[in-house]
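Please look over the structure below with its charged side chains in mind. My notes follow it.

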Amino acid sequence: MQIVAIKEKQLVGLSARTKNADEQDKTSAKIPALWKKFYGDIYRGQSEDNAYGIYSDYESDHSGIYKVSAAVEQGREKTGENGLEELVIQEGRYMVFSTDELESPSVWGLWELAWKYFSSADSEYQRAYTTDFELFYPDKRTELYIAIE
């Protein structure tokens, strides 16, 4: 884990509102359908582009409603096409979790590391619940950025 400063980044993508409890049930989960549409209509295997999973507009904390987005950097894709909207990764300090830290690399494993860290009473940093994001590199590496106070 490392702490980095991120400048604001403009992206375009698809979004949905959900909460973690809804994502535990296939009948109410929205994230799988969001990514399916993103990979089918937007990303289409553009292997040279990074993809982003963005979590923002938190109602409260990890138990509340939030906005989840699947996105790419602005460029070829334009807002309005295929339901795309402008998205922003907010400027700030982020704790970075990398698949390099895992025996079995997965985005789920990164979230488990983050939840374990931030649920510990002796954590040096606290989540800000502003904008968190997953960064998926073309070489299959993944990083999870959690905004900190």
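1. The model is predicted, so local features need pLDDT of at least 70 and side-chain atom pairs count only at pLDDT 80 or more, while totals for chains, interfaces and linings use all residues. Residues are numbered from 1 along each chain as its sequence is written, and side-chain values use heavy atoms, with hydrogens and water left out.

2. A salt bridge here is a side-chain nitrogen of Lys or Arg within 4 Å of a carboxyl oxygen of Asp or Glu. By this rule there are four salt bridges. Three of these pairs are taken up below, including Glu73 with Lys9, Glu85 with Lys67 and Arg141 with Asp139.

3. Glu73 and Lys9 form a salt bridge at 3.9 Å, N to O. Glu73 lies in strand S4 (residues 65-73) and Lys9 in strand S2 (residues 9-19), so the pair ties together parts that are 64 residues apart in sequence. Strands are DSSP runs of E, at least two residues, numbered from the N terminus. Glu73 is partly exposed at 36% relative accessible area, and Lys9 is partly exposed at 29%. Buried means under 20% relative accessible area, exposed over 50%, and partly exposed in between (1.4 Å probe, protein chains only).

4. In the salt bridge of Glu85 with Lys67, the closest N and O atoms are 3.0 Å apart. Glu85 belongs to strand S5 (residues 85-89) and Lys67 to strand S4, so this pair joins parts 18 residues apart in sequence. Lys67 is buried at 15%, whereas Glu85 is partly exposed at 26%.

5. Arg141 and Asp139 meet at 3.0 Å, N to O. Arg141 is partly exposed at 32%, and Asp139 is partly exposed at 49%.

Terms used. Helices (H or I, at least four residues) and strands (E, at least two) are DSSP runs, numbered from the N terminus.
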